[in-house]
Amino acid sequence: MARLLIKTEGLPNRTLELRLGVNRVGRVPENELQINHTTVSSHHCELMVTNDGVYLRDCGSTNGTFLNGEPVQEAWLQAGQELRLGDVEMVVESTEVTIAIPEFERPSQLPPPPTVLPDGTLCCPRHAGVPAIFRCTHCGEVMCNTCIHIMKRQGGVPLFLCTICSHKCERITVAKAAKKVGLLGYIQETVKLKFGHFRHPNKK
């Protein structure tokens, strides 16, 4: 599996194993990969693992993200490259990906169904009033543009990942409701069809 080795002394975790999907890296425990160092931002960067490899994205860190000594905002990682987050140095040991879909355990108590907006679209569970435009193909979660994880892929086609289980998401298609025609409208349409081609005998 994809793996980073920390070279800077004094840090407890010297090996960072990357899981499939989004791996958030930063100083606080809420990240999947915590690096407790003063030069590392609370949410420093994201390492997104797909079958195409490992994609790095800086999250607006204070002290920057560097690849082989050059500052980067986004980049594909290659084995053997030197990666630095602030003053923490590490090496990319491997970018190999083992595709294995983990079993997703649904909570025993199902969450309430998403709210439906007046126009018939689903509402994002995390952003009130914002329409959900993506649905996870694995856990069924719906989400808006803000929630979705966007993975840039080689070739330019983006991959949309679930914010809950990191599986692939698809856009929600909303079928437009058929226009209702009242009784008066029905009579008018019937008259048009019946006499639409009628020509007065005095007209040429």
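Let's start with strand S12, residues 134–136, which pairs with S13 in the antiparallel sense over two bridges. Strands here are DSSP runs of E with at least two residues, numbered from the N terminus, and two of them count as paired if DSSP finds at least two bridges between them. Within this pairing, Phe-134 sits opposite Met-143 in S13. Strands of a sheet pair through backbone hydrogen bonds, either parallel or antiparallel.

Before going on, keep in mind that you're looking at a predicted model, where local features need pLDDT of at least 70, side-chain atom pairs count only at pLDDT 80 or more, and totals for chains, interfaces and linings use all residues. Residues are numbered from 1 along each chain as its sequence is written, and side-chain values use heavy atoms, with hydrogens and water left out.

Back to the sheet. It is an open one of three strands, in the order S13-S12-S16, with antiparallel pairing. Which strands stand at the edges? They are S13 (142–143) and S16 (169–171); each has a single partner strand, so one side of each is left without a neighbour in the sheet.

Now look inside. A nonpolar core is a set of buried Ala, Val, Leu, Ile, Met, Phe, Trp, Tyr and Cys residues joined through side-chain atoms within 4.5 Å. Buried means under 20% relative accessible area, exposed means over 50%, and partly exposed is in between (1.4 Å probe, protein chains only). The largest nonpolar core has 24 residues, and Ile-35, Leu-47, Leu-85 and Met-90 are those with the most contacts inside it. At least two residues of this core come from each of these strands: S1 (3–6), S5 (45–50), S6 (53–58), S10 (82–85) and S11 (88–94). Apart from this core lies another, of twelve residues, including Cys-124, Phe-134, Cys-147 and Ile-148. You've met Phe-134 already, opposite Met-143.

Contact means heavy atoms within 4.5 Å. Leaving aside neighbours within four places in sequence, Met-90 is in contact with Leu-4, Leu-5, Ile-6, Lys-7, Leu-16, Ile-35, Gln-81, Glu-82, Leu-83 and Leu-85.

Next, find Ser-42, in the loop between strand S4 (33–34) and S5. Is Ser-42 buried or partly exposed? At 28% relative accessibility, Ser-42 counts as partly exposed. Not counting residues up to four places away in sequence, Ser-42 touches Gly-26, Arg-27, Val-28 and Asn-31. Ser-42 and Thr-62 are 20 residues apart in sequence, and their C-alpha atoms are 9.4 Å apart in space.

Finally, the charged pairs. A salt bridge is a side-chain nitrogen of Lys or Arg within 4 Å of a carboxyl oxygen of Asp or Glu, and by this rule the count comes to eight. In one of them, the side chains of Glu-93 and Arg-3 meet at 2.7 Å, N to O. Glu-93 lies in strand S11 and Arg-3 in strand S1, so the pair ties together parts that are 90 residues apart in sequence. Glu-93 is partly exposed at 37% relative accessibility, and Arg-3 is partly exposed at 22%.

Arg-24 and Glu-32 form another salt bridge, at 3.0 Å, N to O. Arg-24 is partly exposed, with a relative accessible area of 32%, and Glu-32 is partly exposed at 33%. Through salt bridges that share partners, Arg-3, Glu-17 and Glu-93 join into one network.

Terms used:
Helices (H or I, at least four residues) and strands (E, at least two) are DSSP runs, numbered from the N terminus.
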